[in-house]
Amino acid sequence: MRKAGVVGWPITHSRSPLIHGHWLAVHGIDGAYDRIPVEPDRAEAFFADFAASGLVGANVTIPYKEVAAAHACNLDPVAARLGAANTLWIEDGVLCAGNTDVAGFLGNLDDRAPGWDADPGVALVLGAGGAAKAVVDGLVGRGFRVEIANRTLARAEDLAARYPGHVGAHFLSEANRFVADAGLLVNTTSLGMKGEGDVDLDVGRCAAESIACDIVYVPLETPFLARAQAAGLRTVDGLGMLLHQAVPGFERWFGVRPTVTPELRALVEADL
Ligand code: ATR
């Protein structure tokens, strides 16, 4: 039986077992996918010994995406660019790592807002943490000019410096300067998570065809998305990114490319 899982700390709230368990059942595969809690003082050893663990692979979540990438012998181009990995597998006995967060973010928009990148212009990204890295990389790859607004300017500047000529860096308090020109607004900050306030964006000044996207998915409708919807914008919630980023790992470990269906979405939504 092929075994995989999701590695993180803490890991109790991960929905990945639900997603992969659903696909294993749908495809009748004799496999398993579990939560793998790894305490911080064991993390180095865990990834160093991964190839001998008996697992065919794993997803990696907070706080181990960087340490997982550092221990891999082979990195796919996205993981190498970001210095962070969320998907591991073994090839010829050695640990390989990839990053499917970029494909997950883009796949979610392709799925929920078809045509969103037909005429790429300016995208406004709030936040400059781990999730923003994947979002900015994906948007630059699709031809957008990206303006990052973050509470800590230095983090935005560090991220922007990786894409010379394509990305600008600003304080979060400057974000409203860009709302009128941005065809796409993406919140990657933790603002909007249950009880964590709202982003201070004047969505009323956005062009009517603009798209507002959140990577937060608890709650599914963040205050930002609710205001954007009320202002007439198209909105895309964060759950789809979680579902789409899981696809490449499942295919690698279990040999079948799974599909993000409304049934799967409903299953995970019911668990939020
Ligand atoms: P993730 O991996 O989920 O992106 P992270 O790397 O901790 O998590 O990044 C969290 C992001 O949310 C950062 O951009 C953070 O801003 P700072 O870089 O200034 O820390 C942003 N963030 C978190 N709490 C915030 C708050 N109360 N107000 C504004 N921004 C906040």
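## A way in

Which residue of E6 does threonine 87 stand opposite? Threonine 87 faces glycine 98 there. Keep in mind as you look around that this is a predicted model.

On one side, strand E5 (residues 87-91) and strand E6 (residues 94-98) run antiparallel and share 5 bridges. E4 and E6, on the other hand, run parallel and are joined by 2 bridges.

## A look at E6

Let's pick out some partners. Isoleucine 90 has leucine 95 of E6 as its bridge partner, while asparagine 74 is bridged to cysteine 96 of E6. E5 and E6 also make a hairpin, with 2 residues between the strands. In that turn, check out aspartate 92, which has a positive phi of about 50°.

Why is E6 described as largely enclosed by the rest of the structure? It's because 4 of its 5 residues are buried. As a bit of background for looking at any strand, side chains in a regular one alternate between the two faces of the sheet.

Now move along to helix H5 (residues 101-112) and helix H6 (residues 130-141). Their axes come within 8 Å and cross at roughly 65°, and the crossing is right-handed. On the H5 side, the contact is made by Asp101, Val102, Phe105 and Leu106. H6 brings Ala134, Val135, Asp137 and Gly138 to the meeting. Sort those residues by class and you get 5 nonpolar, 1 polar and 2 charged.

## Around the ligand

H6 turns up again at the ligand. Of the shell around the ligand, H6 supplies the largest share, with 3 residues. There are 15 residues around the ligand, and the ones that come nearest are Gly127, Gly129, Gly130, Arg151 and Thr152.

## The parallel sheet

There's another open sheet to visit, built from 6 strands in the order E9-E8-E7-E10-E11-E12, and its pairing is parallel. Its edge strands are strand E9 (167-171) and strand E12 (234-236), and each pairs on one side only. Leaving direction aside, neighbouring strands of this sheet are turned by 20° against each other on average. Toward one end of that order, strand E11 (residues 211-214) pairs with E12 in the parallel sense over 3 bridges. There, isoleucine 211 stands opposite arginine 234 in E12.

Helices pack on this sheet as well. Helix H7 (residues 153-160) touches strand E8 (145-150) and E9, and its direction makes about 180° with that of E9. Helix H8 (residues 223-230) touches strand E10 (182-187), E11 and E12. Compare the direction of H8 with that of E11 and you'll find an angle of about 165°.

Conventions: Residues are numbered from 1 along each chain as its sequence is written. This is a predicted model: local features need pLDDT of at least 70, side-chain atom pairs count only at pLDDT 80 or more; totals for chains, interfaces and linings use all residues. Two strands pair if DSSP finds at least two bridges between them. A residue is buried if 20 or more other C-beta atoms lie within 10 Å of its own, exposed if 12 or fewer, and partly exposed in between; C-beta atoms are placed from the backbone. Axes are lines fitted to C-alpha atoms, for helices over the stretch in contact, and angles run from 0 to 180 degrees between N-to-C directions. A crossing is left-handed if the near helix is turned anticlockwise from the far one by less than a right angle, and right-handed if clockwise. Two residues are in contact if their C-beta atoms, placed from the backbone, lie within 7 Å. Ala, Val, Leu, Ile, Met, Phe, Trp, Tyr, Cys and Pro count as nonpolar, Asp, Glu, Lys and Arg as charged, and the others, Gly among them, as polar. A residue is near a molecule or strand if its C-beta atom, placed from the backbone, lies within 6 Å of it.
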